[in-house]
Amino acid sequence: MGPLRGISAIVAPCLEANVKVFERVARPAVMGAMSGYNGTIFAYGQTGSGKTFTITGGPERYVDRGIIPRSISAIFSEISKRADQQFTVHISYLEIYNNEGYDLLDAEREIKAMEDLQQVHLGEADDGTVSYRNLSMYRANNEEEALNLLFLGDTNRTISETPMNMASSRSHCIFTIHVEGRKVGEDLVRRSKLNLVDLAGYQRVPKKGVDRTTHREAKYINLSLHYLKQVIIARQEKAMGMNRPHIPYRNSMMTMALKDSLGGNCRTTMVATVNSAQDQLDESISTCRFAQRVAMVRNTVLLNEELDPSLMIRRLKQEVRELKEEIRLLKGEEEERGPLTPDEITRLQGTRC
C-alpha cells in the first residue's frame with residue numbers, strides 16, 4: 001500500500017452483494033485497517049438501486065450478508081490468527097437525517113421522538129481531522145457483540161415508503177469500526193478506522209401524491225449529494241493540477257463527516273449501484289459518470305502509528321525502579337522498607353499463633 005492511492009470506483013449490481021463483491025471491494029480495506037491504515041467504502045446511486053443491500057445485506061438469507069457484517073467477521077477472524085498482537089475494536093454508528101446528526105446507538109432512540117434526541121455535532125482539529133461530539137462508541141469483544149450493535153443501529157434507522165422503494169433509507173449512515181493494535185510487549189500502537197457508508201439515494205420526487213415530509217427528506221438528500229459532487233469535482237480538478245485552493249466540505253454535514261475519506265489520509269472505494277430498468281437508464285449513466293470522476297481523485301494514505309504514552313511511562317517507571325535496586329545492591333545498602341502492609345501483618349499474626 002503506497003503513499004499515494006486513488007479513490008477507486010466499482011459498479012456493482014444490487015444482487016451481487018455477496019462474497020465476490022466483498023473480496024474485491026472490502027477485503028483490501030479490512031486488511032489495511034488491521035495494519036493501521038484508514039479505509040472507507042461508500043455506496044452511491046439512485047434510490048432503490050441496492051445500496052443498503054450491498055452495504056448491510058438482506059435480512060432473510062445468510063448468503064445475502066452485505067459488506068458490513070462480512071467486514072466484521074473478517075476483522076475478528078484475523079484477530080484470532082494474530083496471537084502475537086493485541087487488538088481492541090470499538091463501534092460507532094452515525095445517522096445524518098435532514099442534514100442533522102444522530103447517534104443510531106443512542107439508548108433513548110426507542111423512547112424519544114427524533115426531535116427530542118441529542119444531536120451529534122462535528123468539530124475540526126488543528127490538523128484538519130474531524131471529531132464528533134455526542135456520538136457514542138462501544139467496545140466489541142467479539143463478532144457477536146459487533147453484529148448486535150449493527151442490528152441495533154439498523155433498527156433505529158429512518159426509513160419510509162417512496163414512489164421508487166417500499167422501504168427507502170431516508171438518511172445517510174456511517175458505520176465506523178475503530179481498530180487499535182499492538183504487538184505484545186511493545187509501546188508502538190497502530191490505530192485505524194474503517195468507515196462503511198450507506199448514502200441515501202438521489203431521487204426525482206413527483207410534485208403530486210407525496211407528503212410534505214417525503215418532499216423535505218428528498219430535498220436534503222439531493223442537496224447533500226449535490227454538495228458531494230461539488231467536493232469530488234473540486235478534488236478532481238485539484239488532482240489535474242488546476243488551481244482549486246478551496247474544497248467545499250463544509251457545505252453539508254455529510255461531506256464534512258467524510259472529509260478525511262474524500263480528501264485526507266484514507267484509502268477510499270466507491271461502490272456505484274445502478275438500476276437495470278430501461279426507464280432508469282439516464283440515472284444509471286449519471287451514476288457511472290460520477291464514479292468516473294471519483295476514480296480520478298487521489299488521497300495520501302499514511303500508516304497511523306505512534307508510541308503509546310501510558311505504556312511508555314509505565315515501562316520507564318519500571319526501569320527506574322530496577323536501576324535503583326541495582327544501585328542499592330552495588331552500594332551494599334539494606335533494603336528500605338516502609339510500614340507493614342495489612343497482608344503482612346495478618347501473615348505474621350497467623351505465624352505467631
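**Burial, helices and cores in a predicted model**

Q: Quick one to start: is N98 buried or exposed?
A: N98 is buried, with a relative accessible area of 9%, where buried stands for under 20% relative accessible area, exposed for over 50% and partly exposed for what lies in between, using a 1.4 Å probe and protein chains only. This is a predicted model, in which local features need pLDDT of at least 70 and side-chain atom pairs count only at pLDDT 80 or more, while totals for chains, interfaces and linings use all residues. Residues are numbered from 1 along each chain as its sequence is written, and side-chain values use heavy atoms, with hydrogens and water left out.

Q: Where does N98 lie?
A: N98 sits in the loop between β4 and β5 (100–103), with helices (H or I, at least four residues) and strands (E, at least two) taken as DSSP runs and numbered from the N terminus. Its phi is positive, about 50°, although N98 is not a glycine.

Q: And N99, what about its phi?
A: N99 also has a positive phi, near 65°, without being a glycine, and it lies in the loop between β4 and β5. At 35% relative accessibility, N99 counts as partly exposed.

Q: Switching to R182: buried or exposed, and what does its side chain make a polar contact with?
A: R182, in strand β11, is buried at a relative accessible area of 13%. Its side chain makes a polar contact with the side chain of E180 at 2.5 Å; the term covers a pair of N or O atoms within 3.5 Å, where within protein one must be able to donate a hydrogen and the other to accept it, and residues adjacent in sequence count only if both atoms are side-chain atoms.

Q: Which other residues is R182 in contact with?
A: Leaving aside neighbours within four places in sequence, R182 is in contact (heavy atoms within 4.5 Å) with D84, Q85, Q86, L188, V189, D308 and L311.

Q: Helices next. How far does α4 reach?
A: Helix α4, residues 143–156, has 14 residues and spans 20 Å from its first C-alpha to its last, close to the 20 Å expected at 1.5 Å a residue, the expected span being 1.5 Å times one less than the number of residues. At its start, a side-chain oxygen of N142 comes to within 3.2 Å of the backbone nitrogen of E144.

Q: Which residues of α4 are buried?
A: The buried ones are A146, L149, L150, G153 and N156. They line one face of the helix, because seen down the axis of α4 they fall within an arc of 130°, the arc being that of the directions from the helix axis to the C-beta atoms. E144 and F151 are exposed on the other side.

Q: What covers those buried residues of α4?
A: The cover includes α3 (67–81), β4 (85–97), β8 (138–139) and β11 (172–183).

Q: Which residues are buried in α8?
A: In α8 (residues 281–294) the buried residues are E283, S284, T287, F290, A291 and V294. These fall within an arc of 120° seen down the axis, so they line one face of α8, while the face turned away from the buried side carries the exposed residues D282, R289 and Q292.

Q: How many residues has the largest nonpolar core?
A: The largest nonpolar core has 34 residues, and those with the most contacts inside it are I41, I91, F175, I177, L194 and L196; such a core is a set of buried Ala, Val, Leu, Ile, Met, Phe, Trp, Tyr and Cys residues joined through side-chain atoms within 4.5 Å. Its largest share, 8 residues, comes from α1.

Q: What does I91 touch?
A: Not counting residues up to four places away in sequence, I91 touches L105, S136, M137, Y138, A140, L149, F175, T176 and I177.

Q: Where does UniProt place the "binding site" feature?
A: The unreviewed UniProt entry places it at G45, Q46, T47, G48, S49, G50, K51 and T52; positions follow the numbering used here, feature names are shortened, and annotations may be inferred rather than shown by experiment. G48 is partly exposed at 40% relative accessible area, and T52, in helix α2, is partly exposed at 31%.
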